[in-house]
Amino acid sequence: MTATDGGSVTAGDAGAGDGGLGDTGPGDRGLRDGREGPGRGPGGDTVAAVVRQWRAVHPDLDTGPMEIIGRINRCAALLQQAEDAPLRRAGLSRAEFDLLGALRRTGHELTPGELARETFSSGAAVTKRLKQLTERGLVERRGDTRDRRVAHVRLTDTGRDLVDGILPEQLAYESAVLSGVDGPRQGELATLLGGLLGQLEGRLDALRA
């Protein structure tokens, strides 16, 4: 699985649990154009500044989790905001490409429910995106022979060619985004994030209960 099909995160979603750092709207324009944004301390990121403020207000609380989760959420919001250029040129949102990518990498038909699980999306969102992709001739649906309520979705030849054409360019784009982090550190970061993700995937249901 590449970053291109790991599931979509909106800037609004990324704000949860980050101490008030999820909104990367007009007020954060300084972060996008290289200037120091509001509340950003010299030589530090916005999370460091927020953590310092919380420590001043609640010195008795451990803000360590915020330093990790806040930065993950902030990175996700900023990356989403970057509007992946190769996808934009193809007229696709990242969420739509996630669906196409899931069908391509699994290599077989999937139901809308399976696509929702593969892309970490709601059923309603998948239904809407599939309608748009079907109208563009990128996917096609067929009914189940035993249950009319079940649909099976597959890529058309046009959809498969589009994914195969975009993927190398998208990966090159993502490599450029990460170019400030050298190769060994990228590997370490991937390992650490993989370990965290594995734990969360197994524990989130219990944490929400």
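**Note on the predicted model**

1. At 13% relative accessibility, Glu174 counts as buried, where buried means under 20% relative accessible area, exposed over 50%, and partly exposed in between (1.4 Å probe, protein chains only). Glu174 has its place in helix 8 (residues 157-177), and its side chain is joined to that of Arg94 by a polar contact of 3.4 Å; a polar contact is a pair of N or O atoms within 3.5 Å, of which, within protein, one must be able to donate a hydrogen and the other to accept it, while residues adjacent in sequence count only if both atoms are side-chain atoms.

2. This is a predicted model, in which local features need pLDDT of at least 70 and side-chain atom pairs count only at pLDDT 80 or more, whereas totals for chains, interfaces and linings use all residues. Residues are numbered from 1 along each chain as its sequence is written, and side-chain values use heavy atoms, with hydrogens and water left out.

3. The chain has 9 helices and 2 strands, which follow one another from the N terminus as α-α-α-α-α-α-α-β-β-α-α; helices (H or I, at least four residues) and strands (E, at least two) are DSSP runs, numbered from the N terminus. Of the 209 residues of the chain, 31% count as buried.

4. Helix 5 (residues 94-106) and helix 7 (residues 123-135) have axes that come within 10 Å and cross at roughly 80°, the axes being lines fitted to C-alpha atoms over the stretch in contact, with angles running from 0 to 180 degrees between N-to-C directions. The two helices are therefore roughly perpendicular to each other, given that angles under 35 degrees count as roughly parallel, over 145 as roughly antiparallel, 65 to 115 as roughly perpendicular and the rest as oblique. Ala95, Glu96, Leu99 and Leu100 in helix 5 meet Val126, Arg129, Leu130, Gln132 and Leu133 in helix 7, where contact means heavy atoms within 4.5 Å.

5. In helix 2 (residues 46-57), the end C-alpha atoms are 17 Å apart, which agrees with the 16 Å that its 12 residues should span at 1.5 Å a residue, the expected span being 1.5 Å times one less than the number of residues. At the start of helix 2, the backbone nitrogen of Val47 has a side-chain oxygen of Asp45 within 3.1 Å, and the buried residues of this helix include Thr46, Val47 and Ala48.

6. Asp62, in the loop between helix 2 and helix 3 (64-81), is exposed, with a relative accessible area of 67%. The side chain of Asp62 reaches the backbone nitrogen of Gly64 at 2.9 Å.
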